[in-house]
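My notes are below, in the order I looked things up.

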Amino acid sequence: MKFKTRLQVTFLMIIILPLVLTCLAFCGIGLTLMNVQRGMPIFGFGSYAENMQEMVEITEKAYTVLMEQAEEDTSVFLDKEYLDRVNQDIARKSTYIIVRKENDMIYAGNESAAKALFSKLPEYGNGGVSEESGVYYDKYGKYVKQIDFLFPDGSEGSVFVVSRLNALISGNLLLDMFIAICLILILTSVMLTKWIQTGVFSPINELNVAMQKIKEGDFDYALQTDAKGEIGELYQNYEDMRLRLKESTEESRQAEEKNRELISNISHDLKTPITAIKGYVEGIKDGVADTPEKMDKYIRTIYNKANDMERLINELTYYSRIDNNRIPYNFHRINVADYFGDCVEEVGIDLEQRNIRLNYSNMTPQDTMVIADPEQMKKVINNIISNSVKYMDKPNGRIEIRILDESDSIHIEIEDNGKGIAQKDLGKIFDRFYRTDASRNSAQGGSGIGLSIVKKIIEDHGGYIWATGKEGEGACIHFVLRKYIELTTE
């Protein structure tokens, strides 16, 4: 749920829930008090029952006094002072008296209330001096007891003892409603606090713990939630950030490992020719090369080792530039048959001198075109063939170059019959500085990054490369380039 919706719901709950609960409490308490008033015992309303009993006792006492007076002397019901004294004793308990002569009210302890009730009072004859009677007026909340008598002049008279039960109910109702409202407000506060805590503060606290884990470098602490709105988006953003940081950290770690490996490999590959150069120079200084033939051999070896170092440094520089995308490509449309025909003719002379036979076959149409950088593609072919020559262990070496047609792409295969590649090494030969010989013996020359340069160039051309072969039988390098297809408009 969104924060805006949550705030709106909270606002409505603060208003509506207390009102609804207050109305229910008012109705419940009111009905309960009415039942108690009618004599039904209700648990929890004992104090009200006690007040009710006290009021009944006062009413009965006043009724008894007035009945005795009616038997002795009815003239006192014409004495206002006497009636005031009697009314004053019972008025504090919400009880008063009414005196009626014939059809006229000659005294009322509470005139305003008596006027509303007077016309409803029972007629003469419903309450004799020796008879107890009572009438309850539910509409007015009054309980009335009647005493009938005759005035000294013989006229009919009645005295009524009226108890106002509604006053007692009102007082108890106010007290109970006050307690109920307090409980309702507490309940509403607890419910809203729990709801806000569950929906807002708990997720934020959990997110705070997760961020602390990130701060400590723990990127495996995941947050899962089904919540919608801002909380769900916040959790999802955290997960995206966590995964991105984890990936970035892993990439940084791998890059750091590769850099350490690069430095180690450079140190190793440079150490070998430097050690050889130092050894031959020391031999010259010590007089070991004591003949012109030995001196020429030592100097020629030193020169070759220096060339190896220069070639290694040049390849490292080139790889660094191409790896950082600092070498601009000059892409052109080139004809496959013409381009690869020239390449084969160029490398064929060198292979012939090394007693390696070169076979070439092009199975693509003569007008097949690709988009490529001619210079960089030539480097690809030269590096692959140089690698084949380097690991050629047969007296009659053979290298085959085949160009196959595959609908919207061309498939180039460069295969040799050299020492081959073990299955465990097939997926690694394109890694920089990887060599299949564990001792990294550089007697055969090479820097170990030739095929990694090939892979980078092919991928930059939008193609892909892989290797196949068996150990002792030879190896085959495959790479695929997309054809150039000119769109025609009808």
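**Notes on the packing**

I started at Phe479, which touches Met377, Val380, Ile384, Ile410, His411, Ile412, Ile414, Ile458, Tyr464 and Ile465, leaving aside residues up to four places away in sequence. Contact here means heavy atoms within 4.5 Å. A caution for myself: this is a predicted model, where local features need pLDDT of at least 70 and side-chain atom pairs count only at pLDDT 80 or more, while totals for chains, interfaces and linings use all residues. Residues are numbered from 1 along each chain as its sequence is written, and side-chain values use heavy atoms, with hydrogens and water left out.

Next I checked the cores. Ile385 and Phe479 touch the most other members of the largest nonpolar core, which has 51 residues. I also found a second, separate core of 20 residues, with Leu66, Met67, Ala70 and Val86 among them. A nonpolar core is a set of buried Ala, Val, Leu, Ile, Met, Phe, Trp, Tyr and Cys residues joined through side-chain atoms within 4.5 Å. Buried is under 20% relative accessible area, exposed over 50% and partly exposed in between (1.4 Å probe, protein chains only).

**The sheet**

I traced five strands in an open, mixed sheet, ordered β7-β9-β10-β12-β11. Helices (H or I, at least four residues) and strands (E, at least two) are DSSP runs numbered from the N terminus, and two strands pair if DSSP finds at least two bridges between them. Which strands stand at the edges? They are β7 (356-362) and β11 (464-470); each has a single partner strand, so one side of each lacks a neighbour in the sheet. Neighbouring strands are turned by 15° against each other on average, direction ignored.

I then looked at β11 and β12 (residues 474-482): they run antiparallel, joined by seven bridges. Tyr464 stands opposite Val480 in β12.

**Helices on the sheet**

Helix α9 (residues 374-390) lies across β7, β9 (397-406), β10 (409-416) and β12, at about 170° to β12. Axes are lines fitted to C-alpha atoms, for helices over the stretch in contact, and angles run from 0 to 180 degrees between N-to-C directions. Helix α10 (residues 450-460) packs on the sheet too, touching β11 and β12, and its direction makes about 140° with that of β11.

I checked how covered α10 is: eight of its 11 residues are buried, including Leu451, Ile453, Lys456 and Ile458. Gly462 follows α10 with a positive phi, near 85°.

**One glutamate**

Last, I looked up Glu239, in helix α6 (residues 229-285). Its relative accessibility is 10%, so Glu239 counts as buried.
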